[in-house]
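Q: Hey, could you walk me through this one? I'm new to it.

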Amino acid sequence: MGVHALIVDDSPVTRKVMRRMLKVVGLAVDEVSEASDGLEALALVPAGVNLLLTDLHMPNMDGEQLLDALADRGLLRDMEVIVCTSDRSGARHAALRARGANACIVKPFGPEALRDALVRLPMFAAQVKEHA
Amino acid sequence: MSPDQLADVTIRVLEEAAFVFAEPANRPIDFAGDVIAAHMHIRGDRVGSIGLRLPRDLATRTAASLLCGPIDEAEQAAAPMVGELLNVLAGAVVAAEWGPEVRCSLVPPEIEAFDLPEGPRGIHVMLVTLEGDRIDVEFAA
């Protein structure tokens, strides 16, 4: 099964840079600028998107609220979630994983850090390694 | 946190996040042209605020290099990019000042493109890029 990623981040530059990194490793990529838009996109195509990369600190709905909303709707079952955040607190990362995130990566990150996070997700390891 | 420490953290973030190379200014310099200013509050176990000011031209050029797209796209992305740079910088400053385990929330940045906002009263650092652009950082806690 291919990897279909959705980027949720209010920064257009961050979305574009991440899109480029993900396409290099062969992923299909969509993006939205607001968490509520991401929730809508995921609810409409839950079988399509299987990787969510979300910012944490966003206006309106933040990354934690998005995780909670996804969990409430049962949408985390078939999806891996990576939270991309400037927050470096290990306790915060642990709390995000308890909320359903599979990994956290700290901004700023380069292609290698993103790839390392992806390879650690069993669902995607094989596909990401193919494009190494 | 000392001004030198704030400068070091900022220089590292600018380089890693945006490929902008800067150093502390050894003499006062003026901003050339329009300035994009961003400001954000830190809440939680510790409280503070942090501000970042870049010339609009520098922000546009930086966005252009990151986006690898047309210039009008970079012009539109310049202000949000300054906000995102500040977001990344805030995370690094919080960790440097209070340690990586402090629990803080970073309130999404306010971005003002025209007037310099009433900045926080605290540490102020002036940096200069290789091309001679001024960058200001302020941190108060």
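This is a predicted model: local features need pLDDT of at least 70, side-chain atom pairs count only at pLDDT 80 or more; totals for chains, interfaces and linings use all residues.

**Helices and strands of chain B**

A: Residues are numbered from 1 along each chain as its sequence is written, chains are lettered from A and ligands numbered from 1 in the order in which they are written, and side-chain values use heavy atoms, leaving out hydrogens and water.

Q: How do the residues of that helix 2 and helix 3 contact in chain B divide into nonpolar, polar and charged?
A: There are 11 nonpolar, two polar and three charged residues in the contact of helix 2 of chain B with helix 3 of chain B.

Q: And at what angle do the axes of those two helices of chain B cross?
A: Roughly 110°, with the axes of helix 2 (residues 56-67) and helix 3 (residues 71-98) of chain B coming within 7 Å. Helix 2 and helix 3 of chain B are therefore roughly perpendicular to each other (that label covers 65 to 115 degrees).

Q: OK, strands now. How many residues of strand 3 of chain B are buried?
A: Eight of the eight in strand 3 (residues 48-55) of chain B, where buried means under 20% relative accessible area with a 1.4 Å probe, protein chains only. Both faces are covered, with B:Leu52 among the buried residues on one side and B:Arg53 among those on the other.

Q: What stands opposite B:Leu52?
A: B:Ala38 does. Strand 2 (residues 35-44) and strand 3 of chain B pair in the antiparallel sense over eight bridges (pairing takes at least two DSSP bridges), and a hairpin joins these two strands of chain B through three residues.

Q: Which residue is the bridge partner of B:Arg53 in strand 7 of chain B?
A: That's B:Asp136. Five bridges join strand 3 of chain B to strand 7 of chain B, and they run antiparallel.

Q: What about strand 6 of chain B, why is it largely enclosed?
A: Six of the seven residues of strand 6 (residues 123-129) of chain B are buried, so the rest of the structure largely encloses it. In this strand, B:Leu127 is the bridge partner of B:Pro24, and B:Leu127 also stands opposite B:Ile135 in strand 7 of chain B.

Key:
Axes are lines fitted to C-alpha atoms, for helices over the stretch in contact, and angles run from 0 to 180 degrees between N-to-C directions. Helices (H or I, at least four residues) and strands (E, at least two) are DSSP runs, numbered from the N terminus. Angles under 35 degrees count as roughly parallel, over 145 as roughly antiparallel, 65 to 115 as roughly perpendicular and the rest as oblique. Ala, Val, Leu, Ile, Met, Phe, Trp, Tyr, Cys and Pro count as nonpolar, Asp, Glu, Lys and Arg as charged, and the others, Gly among them, as polar. Buried means under 20% relative accessible area, exposed over 50%, partly exposed in between (1.4 Å probe, protein chains only).
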